[in-house]
Amino acid sequence: MPSRQSDRTWPFSEPPSAEASTCWRILRGEEWIHYVAHDEKGGGWQFRPHGFAPESEDAVVALREIVALDPSVRVLADLPVGWCAWRDRKGAPWVRAERSPDER
């Protein structure tokens with residue numbers, strides 16, 4: 001069970017065990033997280049690579065696994081539902097924007 005210390009430092013409003021959508025290429029370290037979306041439906045999180053990843057690469061993991069793979073996503077914990085963020089290269093600052101209606 002996580003300690004109270006880790007509970008206080010967890011930045012997301014969702015618990016560490018919340019589901020996050022990603023792809024196997026990110027999980028294997030072959031791709032970096034380029035795009036993040038905080039979905040309007042259900043408030044879920046998506047973490048997508050810079051390169052194309054087919055549906056067969058889709059994976060669902062605990063949010064804590066994504067944070068462990070790339071701690072830079074912690075700064076996106078306050079990303080509003082219906083918004084997204086992206087970066088041009090690994091390590092670059094995140095750019096935030098509201099998702100267009102056709103992306104929601």
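Colleague: Does Cys84 count as buried or exposed, and at what relative accessibility?
Modeller: Cys84 counts as buried, at 4% relative accessibility. Buried means under 20% relative accessible area, exposed means over 50%, and partly exposed lies in between, with a 1.4 Å probe and protein chains only.

Colleague: What sort of model is this, and how are residues numbered?
Modeller: It is a predicted model, in which local features need pLDDT of at least 70 and side-chain atom pairs count only at pLDDT 80 or more, while totals for chains, interfaces and linings use all residues. Residues are numbered from 1 along each chain as its sequence is written, and side-chain values use heavy atoms, with hydrogens and water left out.

Colleague: And Cys23, buried or exposed?
Modeller: Cys23 has a relative accessible area of 0%, so it is buried.

Colleague: How many disulfides, then?
Modeller: A disulfide is counted where two cysteine sulfur atoms lie within 2.5 Å, and by this rule there are zero disulfides.

Colleague: Fine. What is the order of the elements along the protein chain?
Modeller: From the N terminus on, they run α-β-α-β-β-β-α-β-β. That is three helices and six strands, taken as DSSP runs numbered from the N terminus (helices: H or I, at least four residues; strands: E, at least two).

Colleague: How much of the chain is buried?
Modeller: Of the 104 residues in the protein chain, 38% are buried. The accessible surface is about 6,400 Å², and 52% of it belongs to carbon and sulfur atoms; the areas come from the Shrake-Rupley method with a 1.4 Å probe, and for residues only the protein chains shown count as cover.

Colleague: Turning to the rings, how many aromatic pairs are there?
Modeller: There are three aromatic pairs in the structure. Rings of Phe, Tyr and Trp (its six-membered ring) pair if their centres lie within 6.5 Å; planes under 30 degrees apart count as stacked, over 60 as edge-to-face and the rest as tilted.

Colleague: Why is the pair of Phe12 and Trp45 edge-to-face?
Modeller: Their planes stand at 90 degrees, with the ring centres 5.2 Å apart, so the pair is edge-to-face. The pair links distant parts of the chain, 33 residues apart: Phe12 is in the loop between helix H1 (4–9) and strand S1 (19–23), and Trp45 is in strand S3 (residues 45–49). Phe12 is buried, at 4% relative accessible area, and Trp45 is buried at 3%.

Colleague: And how do the rings of Trp45 and Phe47 pair?
Modeller: With centres 6.2 Å apart and planes at 20 degrees, that pair is stacked. Ring pairs link Trp10, Phe12, Trp45 and Phe47 into a cluster.

Colleague: Which residues have the most contacts inside the largest nonpolar core?
Modeller: Ile33, Val36 and Phe47 do, in a core of 19 residues. A nonpolar core is a set of buried Ala, Val, Leu, Ile, Met, Phe, Trp, Tyr and Cys residues joined through side-chain atoms within 4.5 Å. S1, strand S2 (33–38), S3 and helix H3 (63–69) each supply at least two residues of this core, and H3 gives the largest share, three residues.

Colleague: What is Ile33 in contact with, leaving aside its neighbours within four places in sequence?
Modeller: Ile33 is in contact with Ile26, Phe47, Arg48, Ile66, Asp70, Val73, Arg87 and Trp94; contact means heavy atoms within 4.5 Å.

Colleague: Where does Asp70 lie?
Modeller: Asp70 is in the loop between H3 and strand S5 (83–86). Its relative accessible area is 10%, so Asp70 is buried. A polar contact of 2.6 Å joins its side chain to that of Ser72. Such a contact is a pair of N or O atoms within 3.5 Å; within protein, one must be able to donate a hydrogen and the other to accept it, and residues adjacent in sequence count only if both atoms are side-chain atoms.

Colleague: Which side chain is joined to that of Asp39 by a polar contact?
Modeller: That of Arg99, at 2.9 Å. Asp39 is in the loop between S2 and S3 and is buried at 16% relative accessibility. The side chain of Tyr35 also makes a polar contact with that of Arg99, of 3.5 Å; Tyr35 is in strand S2.
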